[in-house]
Structures are given as C-alpha cells and as structure tokens.
Amino acid sequence: MSAKDPGSEPSLGMDPFEDTLRRLREAFGSGLTRLAEFRVAQLEGLSRFLRENRQLLLDTLAQDLHKSAFEADMAEFILCQNEVDLALRSLHTWMKDEPVATNLLTKLDSAFIRKEPFGLVLIIAPWNYPLNLTLVPLVGAIAAGNCVILKPSEVSKGTEKVLAEVLPQYLDQSCFAVVLGGPEETKQLLEHRFDHILFTGSPCVGKIVMAAAAKHLTPVTLELGGKNPCYVDDDCDPQTVANRVAWFRYFNAGQTCVAPDYVLCSPETRERLLPALQNAIARFYGDDPQRSPNLGRIISQKHFERLQGLLGCGRVAIGGQSDESERYIAPTVLVDVQETEPVMQEEIFGPILPLVSVRSLDEAIDFINRREKPLALYAFSNSTQVVQRVLAQTSSGGFCGNDGFMHMTLASLPFGGVGNSGMGRYHGKFSFDTFSNHRACLLSPSGLEILNEIRYPPYSNWSQQLIRWALDSQSCTLL
C-alpha cells in the first residue's frame with residue numbers, strides 16, 4: 001500500500017513514498033511549520049478531529065478491540081485532548097529562547113538555548129491504543145514545528161482507516177501525511193532518511209527500526225515493552241491490592257505495554273490474594289466475563305493463538321476459559337509457573353496474570369534485577385519503607401507505589417523506557433523537547449575587540465591567571 005495522498009497511484013516499481021517525502025521536505029524548507037500561528041492552527045485542527053469524529057472513533061475502537069466507550073474515553077480521547085490543550089496553552093512559552101548562565105569572559109554576550117524543529121519526523125504507532133499512541137506523539141511533533149509522516153498500525157484496521165481517510169482533512173496536507181502498509185511497506189519506508197523516528201512496539205521490531213535509523217544517523221525514540229513486575233508485600237490489604245491489580249491487568253484485555261506482567265509475593269500472600277482477585281474479577285466483569293461490556297477482546301487470531309498457548313503454563317487458578325469465535329480469553333490467574341516457561345519468558349500482552357512466589361523482599365528485588373529493565377514497575381505495601389526500597393534498588397521506565405498505571409494520565413510525567421524497554425520519552429513538554437533540537441547559541445558584540453585581546457597568544461602569566469579566574473564555574477551567572 002502507498003502513501004495516502006490525493007492524486008494518481010504511483011507506477012509499478014516506483015517507490016510509493018518518495019513523492020510524499022519530497023513534498024513534506026519542501027514544505028519544511030519553506031519555513032511554514034516554524035510559525036507559531038501555523039502550529040496553533042494544526043493543533044486546533046487535531047482538537048476538532050477528536051471532537052467531530054468521536055462516535056466514529058468509538059465505533060472503530062469497539063470494532064478493533066471490543067473497547068468499551070469508557071475505556072476509550074479514559075485511555076484514548078481524554079488523554080489525547082489533554083495533550084492538545086496543554087500544547088495550545090503552553091506553546092508560546094515552550095518556543096521561547098531559554099537564557100543560560102554566562103561566565104566573565106562571555107559577560108557581554110547573549111547565551112541561550114533555541115528549540116528548533118528537527119525537520120521531517122516519522123511516527124510508527126501500535127495497535128493496542130491506536131488513537132492515543134498515534135496522536136499524543138503527533139501533538140509534540142506539531143508543537144515543535146516538524147513535518148510528520150504517520151504510520152498507524154495495519155492490525156487495528158478500523159482505526160487505521162479513519163486515521164488515513166479522515167485525519168488528513170484536519171491538517172495541512174503539505175506538511176503531514178498518513179502512510180499505510182504492513183511490515184514490508186514499513187521496511188521500505190525506513191530505508192528513507194528522517195530527522196527523528198518515534199516507534200512504539202516490541203523490542204524485537206525496535207531493534208530493526210534502530211538499525212535502519214543508524215544508517216542515516218537518525219535519532220530515535222523507542223517506546224518498547226517488556227515484562228513489568230508487580231511486587232506485593234505481606235503487609236498489605238489483599239482486597240485493595242487485588243482491586244487495583246485486576247483493574248489495570250485486565251484493562252483493554254491486558255493489551256497494555258505498562259500493565260503488570262507478573263506478581264511477586266510470598267506463598268502466604270498468594271493464598272490471601274487469590275480469593276481477593278477472584279472477588280475483584282467477579283465484581284468488575286460479573287460471573288460470566290464473556291458477557292461483560294467492559295472486557296475487551298484479543299486484537300487478532302495470531303495473538304489469540306499465542307495467548308491460548310500461554311494458558312498451558314503453570315496451573316490455572318482463576319479463569320482460563322477462551323472462545324476462538326470471539327477471540328475471547330477470560331481474566332486469568334496462573335500459579336506454580338516456572339521461570340523457564342514461555343509465560344515468564346515473553347511479554348504476555350493479554351488478560352493472563354502469573355503469581356510467582358518469592359521468600360522475601362530481597363529475593364523479589366534480585367528477581368527483578370536479574371531481568372531486563374521494564375517499562376513499568378509496581379510495588380504494593382502498607383510500609384512506605386518497603387515501597388521506597390523497591391524504588392531505590394531497581395530501575396524502570398516508570399514506577400508506581402500502591403497503584404496501577406495512573407502515572408500515564410499525568411502529562412507532567414515523562415513516558416519512556418530504559419534499556420530493553422526503550423529510550424527517550426514523551427508526554428506534555430517532554431514531547432515538545434523530544435521533537436526539538438536544543439540549539440546552543442551565543443551572540444557576541446561585533447565590536448569591543450580590546451576586551452578580547454587577553455585571550456590571544458602570546459599568553460603572559462598575568463593573562464593566563466586572569467583567563468583561568470574568568471572561566472571558573474563560580475563566576476558563572478544568569479544575570
């Protein structure tokens with residue numbers, strides 16, 4: 001499939017993206033996207049797109065993922081709209097030159113950081129939150145003044161179609177384009193040079209994106225997945241923990257990159273947690289979760305079959321039912337799983353939660369640290385000291401104590417991974433910064449040359465001492 005542009009289809013054998021990329025580079029070269037009023041107009045267009053197509057998008061999200069209207073509101077629409085509103089309120093402040101401290105040698109100069117757009121950026125989005133994970137980075141790219149190629153996921157077909165056919169009507173099509181296709185088309189797209197690439201997906205595909213970007217020395221932001229640990233301390237209220245863990249494990253049918261992938265707890269806490277989880281699942285989704293309007297479905301047959309295979313790991317303590325005709329998998333809890341089993345070797349990305357026994361907090365921390373650094377990490381305890389210790393002795397992209405992924409609702413916090421779970425970050429101003437080149441600038445007066453004589457050779461003892469003193473960090477000031 002080719003770039004979604006008006007006009008004739010490219011001839012057989014031609015690069016389907018070449019004309020689109022050339023057009024967008026020419027538009028960026030014109031300076032149009034650098035204007036604050038242009039950026040505001042595009043952000044306002046994005047806001048109108050969300051408002052005017054809300055029902056259409058709700059229908060497509062339900063079609064793609066059986067996503068309830070409330071889950072779509074909470075995790076897609078509201079977060080996207082919040083990002084747009086924040087960018088519109090803050091754009092002029094973000095765009096301002098940022099003065100920095102000078103030393104005595106540069107006291108008469110103007111030193112500042114200018115945030116300038118990179119140029120043409122590529123955003124490759126996934127299927128699990130196909131609106132949020134496409135539009136939230138787009139907000140930052142627009143606010144920073146870039147031209148943008150959007151590549152939505154071909155797996156979430158309904159949302160992809162709306163993004164390709166409707167979204168361009170709300171943006172300046174000389175500066176923004178949506179391109180379609182699967183892995184082969186994406187591979188061909190990545191052969192082109194971009195000025196920044198933001199990719200959300202698996203570490204496996206992230207490596208492919210990074211390798212392609214490296215050929216052009218293109219900077220990348222990689223938002224990847226992984227196995228997010230959730231430690232539950234003996235000192236806790238099991239029902240409170242079960243409510244919170246069940247809600248954010250089974251939200252979007254578990255197809256969330258920051259969802260807890262497994263629970264670490266003592267055997268005693270496991271026995272207290274199991275009936276509490278059973279109670280929470282029944283309260284949230286009823287006695288027959290398959291009939292609940294609040295439980296999503298697995299995105300595709302391929303992912304359904306993969307998850308069905310994982311149900312054979314360990315022992316099913318809760319749930320375990322499935323229905324291939326609906327791609328339905330019940331909220332499931334596994335126990336007695338082995339570290340070597342597939343469910344503990346790969347990211348689950350579905351409504352399955354293994355409970356893994358550890359004897360102590362030390363063992364839990366060691367278990368976490370022997371594995372790749374996760375995108376998110378959770379700790380539940382009535383003891384602040386326990387939560388703080390998990391925070392201090394581990395590393396992850398994000399951390400929550402005694403709650404689920406609510407950190408994702410705050411534009412004031414960065415979203416990003418570390419190590420195998422990704423690099424770079426966005427949300428709120430972090431998005432603007434990610435898509436901006438922070439240019440170091442110093443403007444000196446053209447005259448007053450006599451003041452510079454001291455720094456030219458030959459160096460006398462006096463001039464050397466004076467220069468060293470003037471360069472001393474203690475002489476730096478912002479005034």
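Student: Hi! What should I know before I look?

Tutor: The model is predicted, so local features need pLDDT of at least 70 and side-chain atom pairs 80 or more, while totals for chains, interfaces and linings use all residues. Residues are numbered from 1 along each chain as its sequence is written, and side-chain values use heavy atoms, leaving out hydrogens and water.

Student: How many cavities of 30 Å³ or more are there?

Tutor: There are 2. A cavity here is a set of points on a 1 Å grid over the protein atoms alone where a 1.4 Å probe fits but cannot get out; points join across faces, edges and corners, and volume is the space filled by probe spheres set on them.

Student: Which residues line the second largest cavity?

Tutor: Leu-150, Leu-167, Pro-168, Leu-171, Phe-176, Ala-177 and Val-178; lining means having an atom within 4 Å of a point. That cavity has a volume of about 40 Å³, and its lining has 7 nonpolar residues (Ala, Val, Leu, Ile, Met, Phe, Trp, Tyr, Cys or Pro).

Student: And which strand gives the largest share of that lining?

Tutor: Strand β6, residues 176-179, with 3 residues. Strands are DSSP E runs of at least two residues, numbered from the N terminus.

Student: Switching topic: in what order do the strands of the open sheet with β19 come?

Tutor: The order is β2-β3-β19, with antiparallel pairing; two strands pair if DSSP finds at least two bridges between them. The edge strands are β2 (98-99) and β19 (436-443).

Student: How many bridges join β3 to β19?

Tutor: Strand β3 (residues 110-117) has 8 bridges to β19.

Methods
1 Å grid on protein atoms, 1.4 Å probe; cavity = no way out; pocket = protein on both sides within 12 Å on 5 of 7 lines; lining within 4 Å. Helix = DSSP H or I, 4+ residues; strand = E, 2+ residues; numbered from the N terminus.
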